[in-house]
There are 2 protein chains.
Amino acid sequence: MTIRVVIADDHAMIRAGLRLVAENAPGVDVVGEAADGVAAVAVTRRERPDVLLLDIAMPRLDGLAAATTLLANPAPPRIVMLTTFGSDENLHAALRTGVSGFLLKSSPPEHLVEAVRVAAAGDGMIDPAVTLRVIASFAAQPLSPPPELDTLTPRELDVLRLLTRGLSNREIATEAGISEATIRGHVAQVLRKLGVRDRLQAVVFAYESGFVRPGRP
Amino acid sequence: MTIRVVIADDHAMIRAGLRLVAENAPGVDVVGEAADGVAAVAVTRRERPDVLLLDIAMPRLDGLAAATTLLANPAPPRIVMLTTFGSDENLHAALRTGVSGFLLKSSPPEHLVEAVRVAAAGDGMIDPAVTLRVIASFAAQPLSPPPELDTLTPRELDVLRLLTRGLSNREIATEAGISEATIRGHVAQVLRKLGVRDRLQAVVFAYESGFVRPGRP
DNA sequence: GGTTCCCTCCGCCTGCCGGGGGAGGAGGCA
DNA sequence: TGCCTCCTCCCCCGGCAGGCGGAGGGAACC
């Protein structure tokens, strides 16, 4: 029932440190090491560990690419991504690959052990230091109620909704069952109220303001 | 330096359990309780705790509304949301409010204590049991690469990106530093490859496919 | 009754968009 | 070398979009 772990990092010193921390934890066994992404993939395929500790920044093949490669195969290991800097690019890119954990190297050793155990159990863990940023990426949009939208009349909101479906004035007129001339008037009004130049910018505004969201008809 | 905590849950039994767990942790002090959302807001405003443990499902005012209310005020407490079921609705709704933690009641007590400490420190924690779903919500869209986008050349992708900012051909030309005629050609190509009629639908496609996302420049 | 807002509709006109077709240079590949 | 893709640029032309001003009917409010 031990958790078999492979460590991938290009710095020997850090590998040693990670190994020390991991092996000091009961039930955790380090079964391999790799100093770059290509080796990480090879060692992982050979050893089939439960958990792969993967540094993002590595030569030849970076951790993101290695994770993507491994996760595309059947029965991949759980991957805990390690990084020195918790930049938004690193964070989002890592989460996108579908890793089970994301940890900063500045995290206390017990977090690392916890992340390994959690990952091995099929769950996930994100470093507390960056978790708020993950949450913020959910909260960011709906917390911005664009004041301009409030001034739109119901009819104008209808028209804006239809605009975001890529319809022409004529199509909107058909859809709404009124004349195209009326739609033109509504569209002009919407553009004026939103302070945008054309229907294209109105659609961008609608998406960016959260008035419409991708994937919801 | 103790962490002052308020507990809000409509079940007295659960409040007692949470209090027991929290007070058993060194440096954590429970300074108030509430049995519904309205009381939670009132107690929180009176006690000004560092951390508020907030159940989602509560009478009068649910935890989500209470969190939204409190977080809209200046100097809000850190909020750790508690829930019995880790449904996607609960999860996303909670993260949207901007809480610092999201925990299932089925989590081990030490997770609760850890979440309180992490929240008090200004960081965030998401229950390992639902973290993978959070990660998946990042991976969900980019893992569906609409085949049409693959056929676009780098230049055409640039143009599409600029299109989604609501720019005219002339503005795109200026932005890209090439002639408008060239942009017209690229746009025509993009429309053809995406199978859409005009730039408006191309922008809608870009948003709906996840090629661009609201709120990310 | 007057005012205001919303919804409906009309015509005119300028300008950009998009379709069509063509063309040349740069770079990769066999 | 030939072949291909990509990027660059051009012309013509029809059509829709958007700005302009105007107008009438209905509902709500004072």
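Colleague: Which phosphate contact does A:S179 make with DNA strand C, and at what distance?

Modeller: In this predicted model, the contact of A:S179 uses a backbone N or O atom.

Colleague: Which elements give two or more residues to the surface near DNA strand C, and which has the largest share?

Modeller: Chain A contributes through α8 and α10 (180-194), and chain B through α9 (169-176) and α10 (180-194). The largest share is four residues, and this comes from α10(B).

Colleague: What distance separates the side chain of A:H186 from a phosphate oxygen of DNA strand C?

Modeller: A polar side-chain atom of A:R155 is 2.9 Å from a phosphate oxygen of DNA strand C. For A:H186, the side-chain N or O atom is at 3.0 Å.

Colleague: How are α8(A) and α9(A) oriented to each other: roughly parallel or oblique?

Modeller: Helix α8 (residues 154-163) of chain A packs with helix α9 (residues 169-176) of chain A at about 125°, their axes 10 Å apart. Angles of 65 to 115 degrees count as roughly perpendicular and those over 145 as roughly antiparallel, so an angle between these ranges is oblique. The α8(A) and α9(A) pair is therefore oblique.

Colleague: Which residues of α9(A) meet α8(A), and how many residues of the contact are charged?

Modeller: From α8(A), A:R155, A:V159, A:L162 and A:L163 take part, and they meet A:I172, A:E175 and A:A176 of α9(A). By class, five residues of this contact are nonpolar, none is polar and the charged ones number two.

Notes: Residues numbered from 1 in each chain as written. Chains lettered and ligands numbered in written order. Predicted model: local features only at pLDDT ≥ 70, side-chain atom pairs only at ≥ 80, totals over all residues. Heavy atoms only, no water. Axes fitted to C-alpha atoms, helices over the stretch in contact; angles between N-to-C directions. Parallel < 35°, antiparallel > 145°, perpendicular 65-115°, else oblique. Contact = heavy atoms within 4.5 Å. Nonpolar A, V, L, I, M, F, W, Y, C, P; charged D, E, K, R; others polar. Polar contact = N/O pair within 3.5 Å; in protein donor to acceptor, adjacent residues only side chain to side chain.
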